Amino acid sequence: MIYHGNPVSKGIAAGPVFLYQPFTAAVSGDLLEESAVPEALNKYEAARKNAEAELKALHARLQSADPEKAKIFTAHIDILFDEAMDGDIREQIENNRYPPDRAIAEVFEKYARILRKAPDPLIKERASDIRDVKTRLIRIWNGVPEKNLSSLPAPAVIVVHDLLPSDTATLDRKNVLAIVTEIGGSTSHSAIIARSYGIPAILGVDKATEHFSQGETVIADALTGQVISEPTKEQLRGCAEKRRRFFAQQDQINTFINKEAVSPDGVRVDIELNLASVSEQALEGEKYTDGVGLFRTEFLYLGRDSLPTEEEQFEIYRAVLTKFGGRPVTLRTLDIGGDKKLGCLNLPHEENPFLGNRALRLCFDRPDIFRTQLRAAFRASVYGNLWLMFPMVASIDDIFRAKQAVFEVKKELTDENIAFSPDVKLGIMIEIPSIALLADFAAKEVDFASIGTNDLCQYTMAVDRLNPAVNEYYQSYNPALFRLIHLAAKSFLENGKPVCVCGELGGDRLGAAVLMGLGVRKLSMNISSVAQIRKLVNELPMKKAEQIAANVLALSSAKEAEQYLNSALKEILS
Ligand code: PEP
Ligand code: MG
């Protein structure tokens, strides 16, 4: 049987399915009979032993591959055997006749709450570890086997309803052969992360978690978007051959990874990096790029119980700025809301989150959060070449408000005698059509623009970028989008202000060809696209790119544009 989805990160793999359904803890309410207490205590002890065994196995599995991650699980064993908590749980079972799961839930929560109030952020963080151990114990108590993406027992194809950003952050990359989800479009964060890790991914496979069973072998073909269940021997052989060819082609493209991006007629394009974490692996991209065109700072806030402190942020920003030396590091202020929720902020439910209190709007709403981030960024600015930009700018007023916040933070730092660089560049993301249309005014207010084509496409086409049901309407090659980009880029370039494209279109071969032709000289992308785009720039004369762009602007549909771009590039590129 063949199922179809949206191939968002290229590649192909065959392997057993790992069905992932995160466990959510529910606890029993009824009190125990007096006579049931001794058995409950024994069962609690048994659950603890099981949890210890699981944690030891996780630790052993990670010890050589990722010792830092392994340490987390040693800390969890310590929590499991914490004498104070153990004493309280036993007391609740013996004296109050609480069933063990309820006793565990209440006691662990009590301690987590106490830690959450600690002034030291490191101690505060332990609250999430306590909650993690609590969920593990309650899951074991319920007889539910362990499911976790941070440490898979063997290589597998992950099949999941949707991957949360926090799931992807802890993904056991070496064992994930491919990702198949039921929802998510090509610019969802799952897709972006899969691409940056180079993991084949097919999103939007309807009812995937019902079609596939745990452990069955599938082929995930993220070149065509097919997921094949019960493949024949012949199909498996075909898959192996296709995989071999794919890697050979990748090797050929990879020879360009270090080549300066200069077109055959001598025009240079900066190839910058999109960063969504500061792991060693993510920062490897520094070797192959001319700067950071998009530093998605959300990862600092995700999957934790408390907001990151100024100090914590400062250390991270400083590390990245130092690593890139004099090259620009474009830090995007917090972009939360939309598909990204924060555990540490109790954000109200919104009917239309992508049109709601997102990104800059949320920062205006929570000046404390905004100020902390701006202070950390400006303090770090003395360590490198900081460019600071604001996401989700919709109006000139938004620019004034953001600049006012920057002004206040700079004044504060000056009053406190804290140094910051006078050369920090301020820019906006162009991802809402209104600001693209007013770019001539915006260009007078800021130093640069960065076009976020993922959202610009979403808002131009009026289509939720995560909803597979409307995926066909999310048309990145629609000439309407290119016309808006043209308008915005032209306004900034005429004012002598740099324009970057940091949405997925910048790392896409067809899209990048048009962007070059529209005058964009900075493209920012995931590391997995760098070699391909360096190759494109080296092979595509800028004069030709300009003709291509002009032709695309004169077309009327995404389909025509895609067909035209494919054939035009086929003629030119090797
Ligand atoms: C964009 O919208 O193009 C962008 C780069 O931001 P994000 O994908 O993080 O929304
Ligand atoms: Mg965006």
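Predicted model: local features only at pLDDT ≥ 70, side-chain atom pairs only at ≥ 80, totals over all residues.
**Notebook: a magnesium ion, a ligand and one leucine**

I started with the magnesium ion (ligand 2): its protein donors are Glu-431 (OE) and Asp-455 (OD), lying 2.0 to 2.3 Å from it. Donors here are N, O and S atoms within 2.8 Å of the metal (3.2 Å for Na, K and Ca), and water is not among the atoms, so sites may look incomplete. Glu-431 sits in the loop between β13 (425–430) and α15 (433–437), while Asp-455 belongs to helix α17, 24 residues apart. Helices (H or I, at least four residues) and strands (E, at least two) are DSSP runs, numbered from the N terminus.

Residues are numbered from 1 along each chain as its sequence is written, chains are lettered from A and ligands numbered from 1 in the order in which they are written, and side-chain values use heavy atoms, with hydrogens and water left out.

Buried means under 20% relative accessible area, exposed over 50%, partly exposed in between (1.4 Å probe, protein chains only).

Next I checked helix α17 (residues 453–461). 7 of its 9 residues are buried, so the rest of the structure largely encloses it. Among them are Thr-453, Asp-455 and Tyr-459. Just after α17, I found Ala-462 with a positive phi of about 55°.

Then I looked at ligand 1. An oxygen atom of ligand 1 lies 2.9 Å from a polar side-chain atom of Asp-455. For Arg-296, I read 2.8 Å between a side-chain N or O atom and an oxygen atom of ligand 1. The side chain of Arg-465 also has an N or O atom 2.8 Å from a ligand 1 oxygen. A polar contact with the ligand is a pair of N or O atoms within 3.5 Å. How much of ligand 1 does the protein bury? Taken alone, ligand 1 exposes 290 Å², and the protein buries 100% of that. The areas come from the Shrake-Rupley method with a 1.4 Å probe.

Last stop: Leu-321, in helix α11 (residues 310–323). Leu-321 counts as buried because its relative accessibility is 1%. Leaving aside neighbours within four places in sequence, its contacts (heavy atoms within 4.5 Å) include Val-329, Tyr-383 and Leu-386.

Methods:
Polar contact = N/O pair within 3.5 Å; in protein donor to acceptor, adjacent residues only side chain to side chain.
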